[in-house]
Amino acid sequence: MSLGIHRLWKDHFVRSLNPGSKPLPTPSSSDPHSNEQNKQREHWTMLDIAGGTGDIAFRLLDHATLINNDHDSRVIVSDINPAMLAEGRKRSLSTPYAHSPRMEWLEANAETLPPAIEDNSIDLYTVAFGIRNFTHPQKALEEAYRVLKPGGVFACLEFSKVGNPLLNAVYKRWSFGAIPIIGQLVAGDRDSYQYLVESIEKFPRQREWRDRIAEVGFLIPGMDQEGEGGWEDLTGGVAAIHKGVKPLDRSD
């Protein structure tokens with residue numbers, strides 16, 4: 001569907017989140033011991049939803065380890081499909097994380113996460129090319145808000161809508177005309193590829209999806225006072241990155 005560009009999108013997505021980066025110090029503390037603790041790196045607890053193959057999770061840990069020298073942050077890979085989780089576990093064998101406490105695999109429905117994922121327990125919630133397939137995406141957003149810590153980030157990478165009319169016409173012709181045929185020829189599965197293009201077409205446009213994220217209580221980075229912006233288009237809008245930040249408690 002993306003002619004392989006999705007790998008570049010995923011790389012950019014993870015870089016934009018900068019997992020394992022040092023938290024900001026707390027300026028209100030005058031305790032020298034507390035200030036020293038602030039200088040120490042706090043590990044991130046990350047939840048990658050619909051991430052069974054491990055594509056995003058491996059990137060998150062690689063970035064934390066190699067870029068930010070963070071060897072403690074961990075990721076929970078959640079997927080409703082046990083076969084996808086099995087594939088992810090298999091793929092993890094070729095990574096440093098196969099038998100590491102830094103990676104956990106969880107079979108779960110993103111719309112009703114299990115009690116094991118507690119309220120206010122996650123620093124970063126990611127979902128890449130999955131949320132458009134959810135039966136009730138809004139419920140998943142509400143669950144994301146519940147499990148994220150105040151200040152935690154919801155980040156979504158998903159196929160979206162092309163803004164340029166000419167490019168959009170070419171893209172739709174390619175999507176609906178060529179993709180199902182390629183699926184039939186290459187994988188012998190026209191129906192799945194037909195569903196792919198139809199699910200992308202039905203998914204909300206960037207502005208509407210941004211507003212849905214805001215409706216559950218997230219603050220939207222990059223949105224100006226006039227209500228413009230608040231997402232990042234990739235390849236002209238073929239895909240887009242949306243983020244939301246859970247507000248800090250008032251006591252903070």
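**View 1. Lys246 and Asn120 meet through their side chains.** A polar contact of 2.7 Å links Lys246 to Asn120; the term covers a pair of N or O atoms within 3.5 Å, where, within protein, one must be able to donate a hydrogen and the other to accept it, and residues adjacent in sequence count only if both atoms are side-chain atoms. This is a predicted model, in which local features need pLDDT of at least 70 and side-chain atom pairs count only at pLDDT 80 or more, while totals for chains, interfaces and linings use all residues. Residues are numbered from 1 along each chain as its sequence is written, and side-chain values use heavy atoms, with hydrogens and water left out.

Lys246 sits in the segment after strand 7 (strands are DSSP runs of E, at least two residues, and helices are runs of H or I, at least four, numbered from the N terminus). With a relative accessible area of 8%, Lys246 is buried (under 20%; exposed is over 50%, partly exposed in between, with a 1.4 Å probe and protein chains only).

View 2. Trp44 is 80 residues away along the chain, yet the two C-alpha atoms are 7.5 Å apart.

**View 3. The largest nonpolar core.** Such a core is a set of buried Ala, Val, Leu, Ile, Met, Phe, Trp, Tyr and Cys residues joined through side-chain atoms within 4.5 Å. Among its 30 residues, Trp9, Met103 and Leu157 touch the most other members. Helix 3 gives the largest share, five residues.
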